Amino acid sequence: MISWRKHYKKTLIAIGLLLSTSASFYGQDGDPKNGEKLFKANCTACHALDKQVVGPPLKGVVERVKTEGGVDKDWLHKWIKDNKALRASGDKYANEIFEKYNKTEMQVFPNLTDKDIDDILAFTTNPPAPEEKKTEATPAAGADTAAPADKSTTNIVIISLLAIAGLLVWILVKLRQLVKLGQSEELTGLNETRVRSFKEMYEKFHYVGKGLIAILAILAAYGVWNWLMWIGVYKGYKPEQPIYFSHKIHAGEQKIDCQLCHSSAKYGKVSEIPSMNVCMNCHRTISEYNADHYMEPGKDKAFYDGEIQKIYAATGWDPAKQQYTGKTQPVEWTRIHNMPDFVYFNHSQHVIAGEQAIINSFNKKNPNNKIDVVCKACHGKIDTMNVVQMANDFTMGWCIECHRTTEVDMNNGYNKEYFKNLHDKLKKQYPQDGGKITVDAIGGLECGKCHY
């Protein structure tokens with residue numbers, strides 16, 4: 001009888017534990033680690049675990065749909081694979097969700113298997129704890145650490161050095177006195193004839209003085225001329241912008257093409273500053289910085305997240321409601337590259353007609369610093385810059401040197417037939433160069449090409 005009661009109590013405890021943990025095991029017949037990979041690959045564009053992005057937060061979604069809609073995991077499988085078909089079938093809960101989130105169409109995932117979906121749901125139900133980030137390197141065990149210097153020891157050293165310096169000065173004074181006492185009458189007479197003023201020195205050595213003054217005048221004139229020549233040259237100029245934007249993160253780490261944002265550089269005269277709406281094409285769903293593999297020195301996740309919030313404030317975007325409020329704020333960007341008003345420069349002419357020629361010429365002159373995009377020839381390796389700066393002088397001499405050394409691409413695929421007659425004419429006109437024609441041969445040094 002006692003043994004039966006003992007086992008009865010154990011049975012009740014086991015049932016209680018099973019019931020208390022059943023909620024956490026619901027939907028856990030998948031692999032959370034694999035689900036995390038699938039979630040990042042398929043879901044993060046519109047969803048996060050703990051907050052609303054385009055769609056609702058997905059942490060605990062299995063329990064939530066069971067409580068709110070009275071549906072199970074099989075319903076979630078149907079919703080994920082083809083939510084449009086589920087709504088079209090008249091499913092009440094599916095249409096309620098569609099209405100609740102502004103009738104935003106969710107992407108269908110027919111490629112996901114039932115196991116894949118179970119893994120994703122397992123991840124949303126019980127996501128693995130994030131791994132602790134590596135801390136800064138600490139000294140090895142047993143390594144000696146530098147102890148702060150004893151103040152008293154430092155004072156003793158300073159006093160000793162001062163005493164030694166004073167002793168040396170005293171010795172030098174005494175030696176000078178001894179030298180004077182031992183001077184002969186001849187040396188005493190010579191000391192009396194020494195030049196004792198600048199005027200006497202100038203009268204004695206006036207030819208040397210005039211020569212030095214002439215040299216100093218020439219150097220001063222050259223310095224003034226050189227200073228005047230560099231007015232308006234701002235190589236290395238990198239101002240702070242109202243919203244921090246790292247080209248290294250976007251163009252370097254994320255491999256975003258320059259012309260995705262600067263769309264008019266290829267077909268327009270100027271490369272415009274992108275509209276904030278261009279930023280929102282991506283940042284409508286990217287509300288925080290999660291690229292832990294790259295973090296600039298002195299900056300952290302909170303800094304980057306704050307800059308993304310500035311984009312939202314400028315465009316009037318409410319990330320919680322996933323809609324625009326209509327309250328926008330202008331962004332006063334600081335222009336970095338700017339030609340004088342009397343200079344004509346056409347981006348499309350260089351990006352299209354001269355693209356391959358400029359790249360080939362640059363790489364030939366810089367074999368250890370090659371480029372793959374024509375933009376870098378003038379703007380430097382933008383994809384490695386956190387803060388954009390002027391990489392070149394942008395002077396008239398710099399442009400002329402480029403025109404004198406850049407070869408014309410005779411095999412340009414862009415409008416090749418249009419340039420055929422010109423290229424044939426140039427080959428006949430400059431046979432001595434072996435068919436290598438530089439930009440100056442096609443008017444690259446004519447004043448009217450670059451000046452109004």
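**Exercise 1. Lys255**

Task: Decide whether Lys255 is buried or exposed, and state where Lys255 lies in the chain.

Solution. In this predicted model, Lys255 has a relative accessible area of 67%. The cut-off for exposed is over 50%, so Lys255 is exposed. Its place is in the loop between helix 11 (247–253) and helix 12 (258–261). The backbone gives one further detail: phi of Lys255 is near 60 degrees, a positive value in a residue other than glycine.

**Exercise 2. Gln322**

Task: Find where Gln322 is placed, and decide whether Gln322 is buried or exposed.

Solution. Start with the backbone: Gln322 is not a glycine, yet has a positive phi of about 55 degrees. Next, the location: Gln322 sits in the loop between strand 1 (317–318) and strand 2 (323–324). Last, the accessibility: the value for Gln322 is 8%. Buried means under 20%, so Gln322 counts as buried.

**Exercise 3. The chain as a whole**

Task: State how many helices and strands the protein chain has, and what share of its residues count as buried.

Solution. The protein chain has 20 helices and two strands. Of its 452 residues, 26% count as buried. A further step concerns contacts with a separation of 6 or more: residues 24 or more positions apart account for 65% of these in the protein chain.

**Exercise 4. Helix 4 against helix 5**

Task: Work out how helix 4 (residues 73–88) is oriented to helix 5 (residues 92–100), and which residues make the contact.

Solution. The two axes come within 10 Å and cross at roughly 75 degrees. Angles of 65 to 115 degrees count as roughly perpendicular, so helix 4 is roughly perpendicular to helix 5. From helix 4, the contact is made by Trp75, Trp79, Leu86 and Arg87. From helix 5, the contact residues are Tyr93, Ala94, Asn95, Ile97 and Phe98. Sorted by class, this contact has seven nonpolar, one polar and one charged residues.

**Exercise 5. Helix 4 against helix 6**

Task: Determine how helix 4 and helix 6 (residues 114–125) are oriented, and give the classes of their contact residues.

Solution. Helix 4 and helix 6 pack at an angle of about 110 degrees, and their axes are 10 Å apart. Helix 4 and helix 6 are therefore roughly perpendicular to each other. Helix 4 contributes Lys73, Leu76, His77, Ile80 and Lys81 to the contact. Helix 6 contributes Asp114, Ile117, Asp118 and Leu121. By class, the contact of helix 4 with helix 6 has four nonpolar, one polar and four charged residues.

**Exercise 6. Helix 16**

Task: List the buried residues of helix 16 and say what covers them.

Solution. The buried residues of helix 16 are Ala357, Ile358, Ile359, Ser361, Phe362 and Asn363. What covers them includes helix 15 (347–353), helix 17 and helix 18 (396–405).

**Exercise 7. Annotated regions**

Task: State where UniProt places the feature "transmembrane region", and describe the chain there.

Solution. The unreviewed UniProt entry places this feature at residues 156–173 and 211–233. Over residues 156–173, the chain is 100% helix and 0% strand, with the end C-alpha atoms 26 Å apart. Over residues 211–233, the chain is 83% helix and 0% strand, and the end C-alpha atoms are 34 Å apart.

How values were computed. Residues numbered from 1 in each chain as written. Predicted model: local features only at pLDDT ≥ 70, side-chain atom pairs only at ≥ 80, totals over all residues. Heavy atoms only, no water. Axes fitted to C-alpha atoms, helices over the stretch in contact; angles between N-to-C directions. Helix = DSSP H or I, 4+ residues; strand = E, 2+ residues; numbered from the N terminus. Parallel < 35°, antiparallel > 145°, perpendicular 65-115°, else oblique. Contact = heavy atoms within 4.5 Å. Nonpolar A, V, L, I, M, F, W, Y, C, P; charged D, E, K, R; others polar. UniProt positions renumbered as here; feature names shortened; annotations may be inferred. Buried < 20%, exposed > 50% of the residue type's maximum accessible area, 1.4 Å probe, protein only.
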